[in-house]
Amino acid sequence: MTSTGADVTAAPDRTAGRWGGDPIRATALAMIALSVFWRTHVAFRGFLAADDYVLITQAAESDLTVAHLFALYNNHLMPGGRLIVWLVTEYVGLHYWPYVLLMAIGQAVLGVVFLQLLRRLLQPSWLILLPLGLLLFSPLTLEATSWWAVGVNMLPMQIAMVLAIRAQVDYVRTRRPRHLVALALSVLFGLFFFEKAILVVALVFLLTAALYADGGPLRTVWTTIRRWWPSWLLLTVLSLVFMAAYLTRSESSLRRPDSPDEVFSFLTQMLNSTVVPGLVGGPWQWLGAGDGAPVTAPPEIGTWMSWVVVVAVVVATVRLRPRAGRAWLLLVAYLVMVAAMLAATRLGSAFSGVAGGVPRYVSDVVVVAAICLGVAVVGLARSPAAAPADTAQPDTAQPDTGPVTPAPAGSPPPGLSGPLPERYREPVGIGLALVLVAAGLGTAWTTSRYGDEWAAKSGRSYIDTVRIELASAPPDTVFFDSPVPDNVVPRLSEPYNLQSRFFRALGARPTYVDEAEHPSVLDGLGRVKVATVVGSTIQPGPREGCGHLVAGGETVRIPLNEPRFSWHWVVRVGYLSSADGTATLRLGSGEAVFPIRKGLNQRFFRIVGGGDSVELTVTGTDLTLCTNEIAIGDPAPKPEG
């Protein structure tokens with residue numbers, strides 16, 4: 001049987017005894033627990049936001065069907081996310097805590113499987129806590145653990161990345177078919193939640209080539225294809241089937257950037273404002289984005305310092321460990337793929353100016369960066385027959401049994417200190433400690449500031465106020481439908497920004513009507529208010545004390561103070577009638593018939609039409625109607641006082 005041909009052969013994770021007998025694992029699990037607790041605290045400061053409400057509304061309006069699960073949302077295929085949202089909406093309702101709990105579970109699972117990967121992939125060393133810490137605490141992944149619409153996509157994708165790499169590493173080491181099955185299931189799991197998980201396929205190939213094949217670029221690619229062709233055959237078939245199914249359902253998301261400057265600005269913003277600062281604890285400052293997550297806004301000095309740290313780490317590790325160069329090239333290659341995908345789908349739009357500052361677009365890069373950091377700093381795990389690290393191995397495979405053989409007595413420890421002469425180890429250790437302390441403090445500051453921005457949620461206060469107001473409103477209170485505030489659900493999400501749809505999952509939701517005498521509306525804060533109509537009004541009538549007189553059987557044309565284009569409008573008619581009857585109002589091609597009652601009254605109703613005047617007709621020979629109050633526009637709270 002042929003082997004990896006790599007510099008090292010990954011060893012199975014069987015070095016540890018019990019939980020308390022392995023201090024590295026115990027510390028790692030404590031870090032995972034701390035990250036989950038911290039991220040959960042940050043998440044609970046906020047609430048649902050923007051896309052969350054749309055997904056919840058769609059779930060509330062649909063039965064649990066295949067059509068609903070596989071319906072695209074903003075061109076995203078996410079049946080796993082839709083399934084979870086439907087279940088929570090059906091059995092819990094419009095609440096945030098179930099989603100925070102699910103994101104916390106996802107964060108914990110990600111931390112545990114990543115720790116398992118590190119212990120398979122790297123040499124036993126305390127330094128494996130560095131890549132683990134990067135994955136657990138990087139501010140680039142804060143959205144994935146606080147904003148449900150992001151977390152339901154990104155957390156499963158990140159877990160799928162780790163599981164797929166672990167399966168491929170095991171297959172490289174053993175050639176056992178069960179690891180190919182695990183590889184396929186890992187990719188399918190990611191695709192079940194997010195179509196972007198298709199990048200896992202390319203990542204697995206690039207990682208295998210970078211870490212387990214030798215030679216120049218062409219030889220590395222050929223060796224990778226030849227030795228592990230079953231993996232690539234399996235992943236190619238899976239990818240083709242998925243892409244064929246996805247592309248037949250989706251609309252093209254491809255956009256054309258407006259200019260080369262737009263592409264350059266995007267790339268520099270993505271690197272300088274997001275990726276590089278985020279890898280060392282930045283961006284330290286955030287720019288608020290309404291109810292959604294903030295975008296990065298690092299100070300210029302922070303950007304330069306983060307570049308210095310990143311370049312220093314890359315240069316130092318490459319000089320000390322040749323295989324580190326390949327690891328960093330792997331990170332660059334994956335970042336290029338992500339940047340190309342973003343440039344092709346996000347530029348040329350109204351949001352391209354901030355696309356490079358959105359951390360969720362590159363949160364999957366953190367997984368790759370953490371793996372590459374571990375390889376560069378610690379070194380790949382060695383089999384019992386392995387030669388010294390970063391040298392080629394004999395073409396013999398190692399069985400998937402037995403513990404890792406410890407290094408001979410007196411050999412240098414794994415990690416950065418191993419290749420260093422004795423006189424350099426202390427200053428390097430001090431420098432590394434200082435960098436870690438600075439990065440830790442920066443991460444804590446950045447996370448705290450993110451929490452402050454995330455805590456400002458208009459949607460939470462709006463929903464809470466509506467719940468309180470409905471509980472105290474008279475049971476016969478009815479409402480005219482209108483959009484929720486833009487800072488809760490943007491108008492871009494129309495028609496899911498309408499109150500009648502927004503509150504479908506609320507439980508005791510408002511009663512909405514299309515016609516009423518005394519309707520109410522919800523104001524921008526969620527308070528119940530008496531309704532009026534804001535828009536065009538009729539010109540004053542010629543008859544004193546009456547305005548426009550409409551006798552039974554007659555039609556009176558009444559001009560508007562400003563024309564209305566053809567649309568769905570609400571009309572308010574205030575009138576004085578001599579008897580009960582009916583009336584007909586026409587607005588262009590639109591017509592509405594409504595009842596009238598004797599005395600001074602009003603009527604609200606909907607109409608579809610447009611024009612610069614209305615025509616009013618009343619039915620009945622002994623009926624007359626006076627009106628000077630006809631308004632056509634949108635429902636709104638009546639001014640107080």
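Visitor: Which helix gives the most to the nonpolar patch?

Guide: Helix 5 does, with five residues. Helices (H or I, at least four residues) and strands (E, at least two) are DSSP runs numbered from the N terminus. This is a predicted model, in which local features need pLDDT of at least 70, side-chain atom pairs count only at pLDDT 80 or more, and totals for chains, interfaces and linings use all residues. Residues are numbered from 1 along each chain as its sequence is written, and side-chain values use heavy atoms, without hydrogens and water.

Visitor: Which residues form the nonpolar patch on the surface?

Guide: A patch takes residues with over 30% relative accessible area and no salt bridge, joining nonpolar side chains (Val, Leu, Ile, Met, Phe, Trp, Tyr) within 5 Å and like charges within 9 Å. Here the patch consists of Phe 44, Leu 64, Leu 87, Tyr 91, Val 92, Trp 97, Leu 101, Leu 102, Ile 105 and Val 109, which together have about 930 Å² of accessible area. Two or more residues come from helix 4 (79–91) and from helix 5 (97–121). Leu 64 sits in the loop between helix 2 (51–60) and helix 3 (66–69). Its relative accessible area is 38%, so Leu 64 is partly exposed.

Visitor: How much of the protein chain is buried?

Guide: Buried means under 20% relative accessible area, exposed over 50%, and partly exposed in between (1.4 Å probe, protein chains only). Of the 641 residues in the protein chain, 52% are buried. The chain has 18 helices and 13 strands. Its accessible surface (Shrake-Rupley method, 1.4 Å probe) is about 28,300 Å², with 63% belonging to carbon and sulfur atoms.

Visitor: What does Met 31 touch beyond its neighbours in sequence?

Guide: Contact means heavy atoms within 4.5 Å. Leaving aside residues within four places, Met 31 contacts Leu 129, Leu 132, Gly 133, Leu 136 and Phe 137. Met 31 belongs to helix 1 (residues 23–44) and is buried, at 16% relative accessible area. Met 31 and Gly 133 are 102 residues apart along the chain, yet their C-alpha atoms are separated by 7.4 Å.

Visitor: Is Ser 363 buried or exposed?

Guide: Ser 363 is buried, with a relative accessible area of 1%. Its place is the loop between helix 14 (323–346) and helix 15. Not counting residues up to four places away, Ser 363 touches Leu 140, Thr 141, Met 154 and Gln 158.

Visitor: How many salt bridges does the structure hold?

Guide: Side chains of opposite charge can pair when their charged atoms come close. The cut-off is a side-chain nitrogen of Lys or Arg within 4 Å of a carboxyl oxygen of Asp or Glu. The structure holds 19 salt bridges. In one of them, Glu 61 and Arg 501 meet at 2.8 Å, N to O. Glu 61 lies in the loop between helix 2 and helix 3, and Arg 501 in helix 18 (residues 499–502), so the pair ties together parts 440 residues apart in sequence.

Visitor: Which residue forms a salt bridge with Asp 170?

Guide: Arg 120 does, and the closest N and O atoms are 3.2 Å apart. Arg 120 is in helix 5 and Asp 170 in helix 7, so this pair ties together parts 50 residues apart in sequence. Asp 170 is buried, at 4% relative accessible area.
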